Amino acid sequence: MKGNRKVITALNQLLADELTATHQYMVHSEMCDSWGYDRLHKAIEKQAVDEMHHAEWLIQRILFLEGQPIVSKLNPIRIGKDVPQIIGTDEADELAAVQAYNAAIKLARAADDQATADLLTRILAMEEGHVDWAEAQRDQIGQMGLQNYLANQTAAVSG
Ligand SMILES: [Fe+2]
Ligand SMILES: [Fe+2]
């Protein structure tokens, strides 16, 4: 089914964002692993997998709309030097993702492409969950202090 060209361009921009986030979170997740912060490693690894799924869904949709998925384009990757920086950069990127999905949903609706808007709304809800996670980590660091927070991250996640 031939899709609206503006919608396909917006989907490709979101695809670049998702691929960038996947790469950034993989590095952040492995940094946490190398420091022995098992719980943070697992949490960020799970987010990297979420972003990879978003990239897959965007590729599926672009192909359905007879567009060409562009997977060779990445935004600049921002690697934090320590845990607060890692959480801070990821939080900023998740807030930017919420804005980008809201804008793309508006565009898809204006183009009368409700199924694309539905897909983007599903992804948006997951991005809001990622923002929520980062905010909770930042709150915990503020409330219990960085050292206590980090001490809690060394325990392996059960299950
Ligand atoms: Fe995502
Ligand atoms: Fe996300």
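This report walks through a predicted model of one protein chain, from its overall layout to a few single residues.

## Ground rules

Since the model is predicted, local features need pLDDT of at least 70 and side-chain atom pairs count only at pLDDT 80 or more, while totals for chains, interfaces and linings use all residues; side-chain values use heavy atoms, with hydrogens and water left out. Residues are numbered from 1 along each chain as its sequence is written, and chains are lettered from A and ligands numbered from 1 in the order in which they are written.

## The overall layout

The protein chain has 5 helices and 0 strands, giving the pattern α-α-α-α-α along the sequence. Helices (H or I, at least four residues) and strands (E, at least two) are DSSP runs, numbered from the N terminus. The C-alpha trace spans about 55 × 30 × 25 Å along its principal axes.

Of the 159 residues in the protein chain, 41% are buried. Here, buried means under 20% relative accessible area, exposed means over 50%, and partly exposed is in between (1.4 Å probe, protein chains only). Take the contacts (heavy atoms within 4.5 Å) between residues at least 6 apart in sequence: 80% of them join residues at least 24 apart.

## Two nonpolar cores

A nonpolar core is a set of buried Ala, Val, Leu, Ile, Met, Phe, Trp, Tyr and Cys residues joined through side-chain atoms within 4.5 Å. The largest one here has 23 residues, and Leu-11, Leu-14, Leu-15, Leu-58, Tyr-101, Leu-120 and Ile-123 touch the most other members. The elements that give two or more residues to this core are helix 1 (5-34), helix 2 (38-64), helix 3 (83-110) and helix 4 (114-144). Apart from it lies another core, of 15 residues, including Tyr-25, Ile-44, Ile-87 and Leu-150.

Leaving out residues up to four places away in sequence, Leu-58 touches Leu-11, Leu-14, Leu-15, Glu-18, Tyr-101, Leu-120 and Ile-123.

## How the helices pair up

Start with helix 1 and helix 2: their axes come within 8 Å and cross at roughly 160°. Axes are lines fitted to C-alpha atoms, for helices over the stretch in contact, and angles run from 0 to 180 degrees between N-to-C directions. Helix 1 and helix 2 are therefore roughly antiparallel to each other. For reference, angles under 35 degrees count as roughly parallel, over 145 as roughly antiparallel, 65 to 115 as roughly perpendicular and the rest as oblique. The contact of helix 1 with helix 2 has 17 nonpolar, 7 polar and 7 charged residues.

Next come helix 3 and helix 4, which pack at about 160° with their axes 8 Å apart. That makes helix 3 roughly antiparallel to helix 4. Their contact divides into 15 nonpolar, 6 polar and 7 charged residues. For helix 2 and helix 3, the axes come within 13 Å and cross at roughly 25°, so these two helices are roughly parallel to each other. On the helix 2 side, Leu-40, Ile-44, Gln-47, Glu-51, His-54 and Leu-58 meet Val-83, Ile-86, Asp-90, Glu-94 and Tyr-101 in helix 3. By class, this contact has 6 nonpolar, 2 polar and 3 charged residues.

## Two loop residues with positive phi

Glu-66 sits in the loop between helix 2 and helix 3. Its phi is near 65°, a positive value in a residue other than glycine. Glu-66 counts as partly exposed because its relative accessibility is 48%.

Asp-112 lies in the loop between helix 3 and helix 4. Asp-112 also isn't a glycine, yet has a positive phi of about 60°. With 65% relative accessibility, Asp-112 counts as exposed.

Ile-87 belongs to helix 3 and, at 4% relative accessibility, counts as buried. Not counting residues up to four places away in sequence, Ile-87 touches Ala-134, Gln-137, Ile-141 and Tyr-149.

Gln-153 is in the segment after helix 5 (146-152), and its 6% relative accessibility makes it buried. Ile-87 and Gln-153 are 66 residues apart along the chain, and their C-alpha atoms are separated by 13 Å.

Definitions and conventions
Ala, Val, Leu, Ile, Met, Phe, Trp, Tyr, Cys and Pro count as nonpolar, Asp, Glu, Lys and Arg as charged, and the others, Gly among them, as polar.
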